[in-house]
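Please open the structure in your viewer and keep the selection tool at hand. The tour below moves from one selection to the next and says what is there at each stop.

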Amino acid sequence: MFNAFNVVLLTVIALTMLLPFLNVIAQSFSSSEAIINNQVGLWPVDFTWINYQYVFSDASIWRSFGVTVYITVFGTLINLIATASLAYPVSRQEYVGRQAVVMFVLITMVFTAPLIPNFILMKNLHLVNSLWVLLIPGAISAFNFFVMRSFFMQIPAELIDSSRIDGCGELRIISSIVLPLSKPVMASLGIFYAVNHWNTYMSALYYINKPALWPLQVKLKKLFETDDISIDPSSQVFSSLAHTSPEGIKMAVIMIATVPIILIYPFLQRHFVKGMMVGSVKS
């Protein structure tokens, strides 16, 4: 009975998360009349592609999509490189001053800068209205730093010492031993960083005023603020514009903003359960 109760409870929780998502999918493929009359449930009504045709024909949406992909890819690379570069030295006992560095990072978790001083700092660094403001300030997450540091501390010191005896330098040790053993934590933190960049909203809203540099989440917010639909009269979907609705277009943009990050997870899922020292044992 306990197992049956767990199955029922988890199923209900899963449905509360899945059903709204199915409704978004259904509305993105439904006609304007069906959406306006609240006829759409979990299945499209008067199935149509017109909402996606509008989205695909809107250059501003694709520009925002490209900005989001850019900051997600390069931002995640910067995050992983910066976090690993700081976490590895302070995880080894032989490095002097590591406790002070850990304390400084810990302070940033407890005390955060208010918005106005932070904005003044970004402005003085000439980062406002540039994509660097979305990449550099959050290059290292304190929480992810401690996770990666704990992972590096579990790598046997004997493995590192034997490599030094064989003549390996620090860069060779990191590239040939530490990083290959760190695929699970790199994949996990990479997903955390990537999702954070993909969902960038507040930072872009505060520091970027140029519409050409808006990421997808800010663009989506602007679409929800207004029901005004603008489209090039020469576009092929202009003649079908009467069959679209602002709500349907919004749902189509939500799908485009959600699906890519969901598709990435299955490719990295295996690294979550992979043993840390498997690569060391095989070699």
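In which helix do Tyr52 and Phe56 both lie, and how many residues apart are they? Select residues 50-57, which make up helix H3 in this predicted model: Tyr52 and Phe56 both lie there, four residues apart, which is about one turn of the helix.

Now show the side chains of these two residues. Tyr52 counts as buried because its relative accessibility is 8%, under the 20% limit, whereas Phe56, at 48%, counts as partly exposed.

Next, widen the view to the aromatic rings. A pair of aromatic rings is described by the distance of the centres and the angle of the planes. By the pairing rule used here, the count comes to 13 aromatic pairs. Select Phe47 and Trp49, whose ring centres are 5.5 Å apart and whose planes stand at 85°, so the pair is edge-to-face. Returning to Tyr52 and Phe56, you will find a tilted aromatic pair, with 6.2 Å from centre to centre and 45° between the planes. To see these rings in their setting, select Phe29, Phe47, Trp49, Tyr52, Phe56, Trp62, Phe65 and Trp198, which form one aromatic cluster.

For the last stop, select helix H5 (98-110) and helix H7 (142-153), each of which supplies at least two residues of a nonpolar surface patch. The patch covers about 900 Å² and includes Met103, Phe104, Phe143 and Val147; its largest share, six residues, comes from H5. Finish on Val110, a patch member that lies in helix H5 and is exposed, with a relative accessible area of 57%.

Note on methods: Residues numbered from 1 in each chain as written. Predicted model: local features only at pLDDT ≥ 70, side-chain atom pairs only at ≥ 80, totals over all residues. Heavy atoms only, no water. Patch = residues over 30% accessible without salt bridge, like charges linked within 9 Å, V, L, I, M, F, W, Y side chains within 5 Å. Areas by Shrake-Rupley, 256 points an atom, 1.4 Å probe, with all protein chains shown as cover. Salt bridge = Lys/Arg side-chain N within 4 Å of Asp/Glu carboxyl O. Buried < 20%, exposed > 50% of the residue type's maximum accessible area, 1.4 Å probe, protein only. Phe/Tyr/Trp six-rings, centres within 6.5 Å; stacked < 30°, edge-to-face > 60°.
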